[in-house]
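Have it open beside you as you go through them.

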Amino acid sequence: MTILKAKPEAILDNDHTLNRVFPVTAKLTKEERERVTEFARSQGLARGEWIRDAILKELRGDPANDPSLAEILGVRLLLVNVLRPLAAGQRLTPEAFDKLLDEISEAKHALAGKLATSAGRK
């Protein structure tokens, strides 16, 4: 019985799964491993695939996709846009408040992306 070895020229560059031949390891406690496995499953991924995605995402340093940044900016926009008129003695109607919420919902992600991009250049 012969054992066939893959020849490098047989591996196509566009077949990324075949090019993944370099393992990276980390030591986890039993509880940590269980939490990682459970979370990966909740995302519909195998544990190793989720770990790979997490590592590569961290290396890309892409905070623009961080939903917490967008939410923080949304809360800040809401506070500024509600407190300023109130401080000036103006009233804010429920309709104006709802319109403001809609505008903030649409703008917060774009603003988070711009902020993350400008922070990455510094």
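The numbered points below go from the whole chain down to single residues.

1. Ground rules first. This is a predicted model, where local features need pLDDT of at least 70, side-chain atom pairs count only at pLDDT 80 or more, and totals for chains, interfaces and linings use all residues. Residues are numbered from 1 along each chain as its sequence is written, and side-chain values use heavy atoms, with hydrogens and water left out.

2. Now burial. Of the 122 residues in the protein chain, 11% are buried. Buried means under 20% relative accessible area, exposed means over 50%, and partly exposed is in between (1.4 Å probe, protein chains only). The accessible surface of the chain is about 10800 Å², with 58% belonging to carbon and sulfur atoms; such areas come from the Shrake-Rupley method with a 1.4 Å probe, and for residues only the protein chains shown count as cover.

3. On contacts (heavy atoms within 4.5 Å): take those between residues at least 6 apart in sequence, and 47% of them join residues at least 24 apart.

4. Have a look at the largest pocket, whose volume is about 620 Å³. A pocket is an open set of points on a 1 Å grid over the protein atoms alone, where a 1.4 Å probe fits, with protein on both sides within 12 Å along at least five of seven lines; lining residues have an atom within 4 Å of a point. Grid points are joined across faces, edges and corners, and the volume is the space filled by probe spheres set on them.

5. What lines that pocket? There are 19 lining residues, and V24, G48, I51, R52 and I55 lie nearest the centre. Helix 2 (30–42) and helix 3 (47–60) are the elements giving two or more residues to the lining, and helix 3 has the largest share, with nine. By class, the lining has 13 nonpolar, two polar and four charged residues. Ala, Val, Leu, Ile, Met, Phe, Trp, Tyr, Cys and Pro count as nonpolar, Asp, Glu, Lys and Arg as charged, and the others, Gly among them, as polar.

6. A search of the whole structure finds one aromatic pair. The ring centres of F39 and W50 are 5.4 Å apart and the planes sit at 70°, so the pair is edge-to-face. F39 is in helix 2 and W50 in helix 3, so the pair ties together parts eleven residues apart in sequence. Rings of Phe, Tyr and Trp (its six-membered ring) pair if their centres lie within 6.5 Å; planes under 30 degrees apart are stacked, over 60 edge-to-face, the rest tilted. F39 is partly exposed at 40% relative accessible area, and W50 is partly exposed at 25%.

7. Leaving out residues up to four places away in sequence, K108 touches A70, E71, L73 and G74.

8. Finally, V82 in helix 4 (residues 67–87) is buried at 16% relative accessible area. Again leaving out residues up to four places away in sequence, V82 touches L92, F97 and L100.

Terms used
Helices (H or I, at least four residues) and strands (E, at least two) are DSSP runs, numbered from the N terminus.
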